[in-house]
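Student: Could you show me how to read the features of a protein model, going slowly and taking one topic at a time?

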Amino acid sequence: MKAVRTHDRDAAVDSLVVEEAPYPYAGEGDVIVRVRAACFTPDELAWPATWVDRSGRDRAPVIPGHELSGEVAEVAVGTTGLSVGQRVVGLTDWNRDGTLAEYTAVEARNLAPLPAGIDHVLAAALPMPGLTAWQGLFIHGRLEAGQSVLVHGAGGGVGMAATQLARDAGARVIGTGREGSRDRVLELGAEVFLDLGQPAWEEAVGRVDLVFDAIGGEVLDRSAAVLRPGGTLVTIAQPPTVRPEDGRAMYFIVEPNRDHLLEIIGRHREGRLRPLVGAVHPLDRAPEAFRAKKGSVGKTVIQVA
């Protein structure tokens with residue numbers, strides 16, 4: 001099959017090539033998915049998990065990408081819940097070859113059925129930002145209707161998903177980021193937008209029940225002070241070093257989860273959650289797209305088939 005691969009961990013992005021690769025092996029619990037569209041995370045080739053298998057052994061070459069939309073091509077012995085030909089969408093395991101390929105092996109539990117009316121390109125842009133926002137807000141943040149949430153980085157993919165999901169859940173949303181994303185964040189449901197380039201933005205925030213941070217650094221450190229007593233600070237950027245006096249603070253990494261993915265897909269189908277899609281490229285141009293991705297707006301989608 002055709003796939004994007006990198007052979008050199010020290011020059012991972014620069015050595016990305018499109019080449020022939022072995023057809024994937026499906027173990028018990030797996031399905032083989034014919035990939036229609038896929039997405040990647042710009043810094044994933046720097047993740048330690050990318051270069052080791054589940055036993056911690058080094059592995060190379062590596063096929064990047066973890067988000068996909070496509071159809072089930074094969075079902076392994078012992079796998080249940082999905083059938084050949086079924087449309088699916090999902091987030092794949094960190095320690096296995098990824099989705100920038102014509103076919104990939106995925107644990108069936110990491111996939112959800114994709115309704116016929118949803119385009120593969122849009123579907124591929126949903127899993128990573130959607131699941132990250134869902135788990136940060138509702139699993140770790142325990143957000144409820146009527147509460148207030150401060151979303152740092154509301155103009156990014158995860159931040160925009162968090163803004164929409166929080167507003168849909170009946171929360172008051174304050175979004176932050178660069179001034180250029182103001183209109184987009186307000187359109188998606190934020191009540192207030194704050195430019196983090198302005199001094200003393202904490203005073204404009206007041207007090208909130210939840211901080212969802214996708215930026216880290218000084219912004220994360222200063223965020224503990226805006227929480228109400230008993231509030232929660234959740235970040236995907238780095239482990240927090242400043243913690244609220246009377247509250248919780250945590251760092252988490254998104255996990256594949258079919259039930260959470262079904263919630264995301266359902267909201268998208270009902271028009272309550274829109275992914276931000278930037279450029280769309282064919283598989284042959286994936287290496288160039290990967291190298292150019294950092295700093296661009298929206299998810300870059302690789303249209304495989």
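Tutor: Keep in mind from the start that this is a predicted model. Let us begin with burial, where a residue counts as buried under 20% relative accessible area. His268 has 14% relative accessibility, and therefore His268 counts as buried.

Student: Where does His268 sit, and which residues does His268 touch?

Tutor: His268 is placed in helix H7, which covers residues 258–269. Not counting residues up to four places away in sequence, His268 touches Ile118, Leu122, Leu126, Leu273 and Pro275.

Student: Is Val17 buried, exposed or partly exposed?

Tutor: The class in between runs from the 20% cut-off for buried to the 50% cut-off for exposed. Because the relative accessible area of Val17 is 34%, Val17 is partly exposed. Val17 belongs to strand S2, made of residues 17–20, and, leaving aside neighbours within four places in sequence, Val17 is in contact with Ala3, Val4, Arg5 and Pro287.

Student: How do strands S9 and S10 pair, and what unit do they make with helix H4?

Tutor: In a regular strand, the side chains alternate between the two faces of the sheet. Here strand S9 (residues 172–177) pairs with strand S10 (residues 192–195) in the parallel sense, over four bridges, and Ile174 has Val192 in S10 as its bridge partner. Together with helix H4 (residues 182–187), strands S9 and S10 make a right-handed β-α-β unit.

Student: What can be said about the largest pocket?

Tutor: The largest pocket holds about 1500 Å³ of space. It is lined by 40 residues, of which Pro42, Gly156, Gly157, Val158 and Ala214 are the closest to its centre. Helix H2 (127–140) and helix H3 (157–168) are the elements that give two or more residues to this lining. By class, the lining of the largest pocket has 20 nonpolar, 13 polar and seven charged residues.

Student: And what about the second largest pocket?

Tutor: The second largest pocket has about 260 Å³ of space. Among its 16 lining residues, those closest to the centre are Pro22, Pro24, Tyr25, Ile63 and Asp97. Strand S6 (residues 103–107) supplies the largest share of this lining, three residues, while the lining as a whole divides into eleven nonpolar, two polar and three charged residues.

Definitions and conventions: Residues numbered from 1 in each chain as written. Predicted model: local features only at pLDDT ≥ 70, side-chain atom pairs only at ≥ 80, totals over all residues. Heavy atoms only, no water. Pairing = 2+ DSSP bridges. Right-handed = clockwise from strand over helix to strand, strands pointing away. Buried < 20%, exposed > 50% of the residue type's maximum accessible area, 1.4 Å probe, protein only. Contact = heavy atoms within 4.5 Å. 1 Å grid on protein atoms, 1.4 Å probe; cavity = no way out; pocket = protein on both sides within 12 Å on 5 of 7 lines; lining within 4 Å. Points joined across faces, edges and corners; volume = space filled by probe spheres on them. Nonpolar A, V, L, I, M, F, W, Y, C, P; charged D, E, K, R; others polar.
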